[in-house]
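Trainee: Please take one part of this model and examine it closely, then relate it to the rest of the assembly. I would like each term given with its cut-offs.

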2 protein chains.
Amino acid sequence: MGDRIQLAHGGGGTLMQQLIHQELRALYADPAQVLHDAARLELPHGPLAFSTDGYVVQPLEFPGGDIGSLAVTGTANDLAMAGARPLHLSVGLILEEGLPLELLRRLVASMAMAARGCGLTIVTGDTKVVERGKADGVFLTTSGIGVVEAPGPIDPTAIRPGDQLLVSGDLGRHGVAILAARHGLALQPPVLSDCAPLWPQVSALLEAGVRIHCLRDLTRGGLASALQELAEAAEVELAIEEGRLPVLEPVARSCALLGFEPLHLANEGRFVVAVPPQARDQAQALLAASGGAWIGSVRPATGAGARVLLTTALGTERLLVPLSGELLPRIC
Amino acid sequence: MGDRIQLAHGGGGTLMQQLIHQELRALYADPAQVLHDAARLELPHGPLAFSTDGYVVQPLEFPGGDIGSLAVTGTANDLAMAGARPLHLSVGLILEEGLPLELLRRLVASMAMAARGCGLTIVTGDTKVVERGKADGVFLTTSGIGVVEAPGPIDPTAIRPGDQLLVSGDLGRHGVAILAARHGLALQPPVLSDCAPLWPQVSALLEAGVRIHCLRDLTRGGLASALQELAEAAEVELAIEEGRLPVLEPVARSCALLGFEPLHLANEGRFVVAVPPQARDQAQALLAASGGAWIGSVRPATGAGARVLLTTALGTERLLVPLSGELLPRIC
């Protein structure tokens, strides 16, 4: 079939069948799935979570991951953020004519491995091919189904004044890894993307009986955007202690060099969680094992409205000003 | 927010919030859904069908539909082909910087209308923006969940020699509509895409007690590709009476003019169904109401292997040779 994607690979004919059977079969836990337009699922009884995300990251491969692992893990993480155990995933591929098949094979293998890492199965998919210059290598859209295991609502509107805020690990590595890959920066030591499944940490909190009011993964826009959205949805003020934000030294150094703030950098394996005051210490103990930390608390909104305040190392407070876009486009 | 999509509309910041709240809210049956990364679903007990499809059609708007109606209806139809009633849909948008907001609004309205027409609700979504020249206006990926109502397996491997084959309506209109739109052909009368929900016809067959062995929608590659795939999966020979294929006169005329065969043209609202011999007349009566017709039958495979034979108007048989790609790229 040559060594590059051709337009006819998307055409529904014999070349497309070859592509699916030879190259994409590896995605599926059950190879028979490759034959079906729709997967038949027998799910456990109970509420389900359903999520979708598109992935357009550049470069397609970067330190610590690639668009394939990102697309599988990212959507699994959106389910985890709804308190749901990820079960099944669909993968829609939009390929640009001329894409090297070798690269596609690496991405397929990466997706299959990420699926195993997330404990989910890829059960259905679709492939389209567009002309050279009409896409950018590969775009992926994954959709996931999970079963909700959280006992109560996990939602920004469940956040209450007094709630405690924690992050699940160190911040900003995905953003720095993409930046370095895109601009050829040779960071020493190299900074790897934090791309990782979030369900294990959420599950540990749930199993320990920690009452979770809200979960939000930190992706585009980083911690800053996540906090801003939560403050607005819950109509509260969030007080964050800047000195508590866990940032690894190479990331902090890159930020100082480039003039970025770590809390604006993208992550792909981190979340912020709001828990009631009495659950703080237990949540902190569970998350600290993987680099997480307590970062602040929730206050009632004042006349100034919903906002995020950062307490600096000097003890002064400054307002977090939300970005209109993001530091780097196409981070995921 | 200006009148065109900017890169920052995909960035996770305030501009993205504006885009979602002002422009995409109309997608959702429940506007609160726009706030959540994952939808929480309470589904009826029983097996579910799960499907996904990407849409890259050009032009984005064409006679009888647009990429939005296609993306909603197409994935709903994949569920119907698994014998499932479509219930819920996710929509992933990949937008090219510079896309006119007015066009996006028309597509959003079209998706919302198509969702109502399919009897499903859009419950979750995602939006990415890529730089000008890195996509082609809009790519959509929809994923759907349905509840299986068919009592038995609907699968190519359930096809048996003796089964009867029917199509659900006239063939080739979507292909001709796209071709005309792309090349500025002013057909008189204009040929409109056949884009339409398939569940109503499938449901009518099921409710009448027709035992369905297999369903396959005719999309890329048309009836020809669908028949070829079924013959190979079931390891049988399909004998099709060419004179029985329902083709409207303007489509037949366009085909004669352009040298195409109607059974290679794409459809977006048609299926082929295999039923046991005793169900033929009932199925034919039900499908005839919407332009469907009996087209042939299933024979055991001979030494020549799985194949599709066309009986011509002269009574001779010729082999259907599958295309390697399709007549027109980016038909859906």
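**A serine, its helix and the pockets**

Mentor: Apart from neighbours within four places in sequence, B:Ser69 is in contact with B:Gly74, B:Ser110, B:Ala114 and B:Cys195, where contact means heavy atoms within 4.5 Å. This is a predicted model, in which local features need pLDDT of at least 70 and side-chain atom pairs count only at pLDDT 80 or more, while totals for chains, interfaces and linings use all residues; side-chain values use heavy atoms, without hydrogens and water. Residues are numbered from 1 along each chain as its sequence is written, and chains are lettered from A and ligands numbered from 1 in the order in which they are written.

B:Ser69 belongs to helix H2 of chain B, residues 67-80. (Helices, H or I with at least four residues, and strands, E with at least two, are DSSP runs numbered from the N terminus.) The relative accessible area of B:Ser69 is 11%, so the residue is classed as buried. (Buried means under 20% relative accessible area, exposed over 50% and partly exposed in between, with a 1.4 Å probe and protein chains only.)

Beyond four places in sequence, B:Leu227 touches B:Leu238, B:Ile240, B:Val272 and B:Val308. Its C-alpha atom is 13 Å from that of B:Leu265, a residue 38 places away along the chain.

The largest pocket holds about 850 Å³ of space. The method works on a 1 Å grid over the protein atoms alone: a cavity is a set of points where a 1.4 Å probe fits but cannot get out, a pocket is an open set with protein on both sides within 12 Å along at least five of seven lines, and lining residues have an atom within 4 Å of a point. Grid points are joined across faces, edges and corners, and a volume is the space filled by probe spheres set on the points. The largest pocket is lined by 44 residues, of which A:Arg216, A:Glu229, B:Gln17, B:Ile20 and B:Asp37 are the closest to its centre. Two or more lining residues come from each of strand E2 (48-55), helix H2 (67-80), strand E9 (214-217) and helix H6 (222-234) of chain A, and from each of helix H1 (14-24), strand E5 (84-96) and strand E6 (121-130) of chain B. The most, seven residues, come from H6(A). By class, this lining has 17 nonpolar, 15 polar and 12 charged residues. (Ala, Val, Leu, Ile, Met, Phe, Trp, Tyr, Cys and Pro count as nonpolar, Asp, Glu, Lys and Arg as charged, and the others, Gly among them, as polar.)

H6(B) provides the largest share, six residues. The lining divides into 14 nonpolar, 12 polar and 12 charged residues.

Some backbone details follow. In chain A, A:Glu235 sits in the loop between H6 and strand E10 (236-241) and has a positive phi of about 55° although it is not a glycine. A:Glu235 counts as exposed because its relative accessibility is 62%. In chain B, B:Glu235 occupies the loop between H6 and strand E10 (236-241), with a positive phi near 55°; at 60% relative accessible area, B:Glu235 is exposed. The bond from A:Gln188 to A:Pro189 is a cis peptide with omega near -5°, and A:Pro189 is in the loop between helix H4 (173-183) and helix H5 (199-207) of chain A. B:Gln58 and B:Pro59 are likewise joined by a cis peptide bond, with omega about -5°; B:Pro59 lies in the loop between E2 and strand E3 (61-62) of chain B.

Finally, chain A as a whole contains eight helices and 14 strands. Of its 332 residues, 61% are buried. Of the contacts in chain A between residues at least 6 apart in sequence, 85% join residues at least 24 apart.
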